[in-house]
Amino acid sequence: SLGGGERDIRSCADFRANYYDWMPDGRGLVTSDHAPSGEGGRTLATLDLERDGLRFFSYERAADDQDLDPRYSPDGSRIAFRRGLSPYSDLFVMDAGGGAVRRVTDIASRIRGHAWTRNGRALVFASDHDGPTSLHVVDVDSGVIVALGVAPAEYPDTSRTEDSVVYEIPRTQSALARIALAMDAPAKPMPLAPSTGNDFAPAVSPDGERIVFVSDRSRQYQLWLHDLASGDTRPLTDAPGAAVTAPHWTADGRTIVAIERDAQGRKLVEIDVATLRRRVLSAASDNALMG
């Protein structure tokens, strides 16, 4: 920590990101890697800094579970980790020695960082389960989630001595653009339906005249409709307390199916483009991910 030379510990796993945390005694790291038996998932392991090789935990998991981003509790007795690849992740907790695993959240969403509170009773995490990525705190025992009202925010870390959280504010913006296909020269992207918000997930209507897309230009993920001929853009949904994503046109171009997410979970909805009438297609017990 005072500088000087560095040394190579081991090669990183062949993965988009490599997550790790210090072990309580400072002698090694806790991380995750491909399961040693050649299974398809990733499993939690420790890495001793003085000896080469990983020691894999023995704990409850299926062969294809993807377990990532382990974090020791402040007293070193438990490990919290993320199970599931983005955008369908949840937080789980187990004893530091392995064994039984308990699910803490049931949101199946993109989780961008999590950290224990200093008393070890809760986890602060960033997710998009109720709209744009923002900070939440979940009680480890009860599973009750409370929004902290901080957005956009991601990758939180907590103080060891006081109830404070540091986090990142993403400064990137996603926007829609149209690119003409040309064989002779590269084409310049032309902006579509520009705004100061983030626009993504465009879907072109079967007749090629309209585009439905997701935008947070109203401070919440909702569906918007853009007319290519006139250039007009208008909101298609305005669901209070819910985020609407993953739009797809039906074959006749009259309706759109999408995922509506609120505090109760996810549901598959159908929206009539002309009348804006909404109909729920999934059962109350379903956790719809895509339609």
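Predicted model: local features only at pLDDT ≥ 70, side-chain atom pairs only at ≥ 80, totals over all residues.
## The four-stranded sheet

Four strands make up an open sheet, arranged in the order β17-β18-β19-β20, and their pairing is antiparallel. Strands β17 and β20 lie at the edges, each pairing on one side only. Strand β20 covers residues 233–235. On average, neighbouring strands of this sheet are turned by 25° against each other, direction ignored.

In general terms, the strands of a sheet pair through backbone hydrogen bonds, in either a parallel or an antiparallel manner.

## Pairings within the sheet

Strand β17, residues 199–204, pairs with strand β18, residues 210–215, in the antiparallel sense over four bridges. Within this pairing, F200 stands opposite V214 of β18. The hairpin of β17 and β18 has five residues between the strands. In this hairpin, G208 adopts a positive phi near 75°.

At the other end of the strand order, strand β19, residues 222–227, pairs with β20 in the antiparallel sense over three bridges. The bridge partner of H226 in β20 is T233.

## The largest pocket

The largest pocket holds about 1,100 Å³ of space. Its lining consists of 40 residues, and those nearest the centre of the pocket are P132, T133, F200, D216 and Y221.

Two or more lining residues are given to the largest pocket by each of β11 (134–139), β17, β21 (243–249) and β22 (255–262). The edge strand β17 is therefore one of the elements that contribute to this lining under the stated limit of two or more residues. The largest share, three residues, comes from β11. Sorted by class, the lining of the largest pocket has 16 nonpolar, 13 polar and eleven charged residues.

## The second largest pocket

About 720 Å³ of space lies in the second largest pocket. This pocket is lined by 25 residues, of which D21, R71, Y72, D157 and R160 lie nearest its centre. The elements giving two or more residues to its lining are β1 (21–22), β5 (67–72), β9 (111–116) and β13 (154–158).

By class, the lining of the second largest pocket comprises ten nonpolar, nine polar and six charged residues.

How values were computed:
Residues numbered from 1 in each chain as written. Heavy atoms only, no water. Pairing = 2+ DSSP bridges. 1 Å grid on protein atoms, 1.4 Å probe; cavity = no way out; pocket = protein on both sides within 12 Å on 5 of 7 lines; lining within 4 Å. Points joined across faces, edges and corners; volume = space filled by probe spheres on them. Nonpolar A, V, L, I, M, F, W, Y, C, P; charged D, E, K, R; others polar. Axes fitted to C-alpha atoms, helices over the stretch in contact; angles between N-to-C directions.
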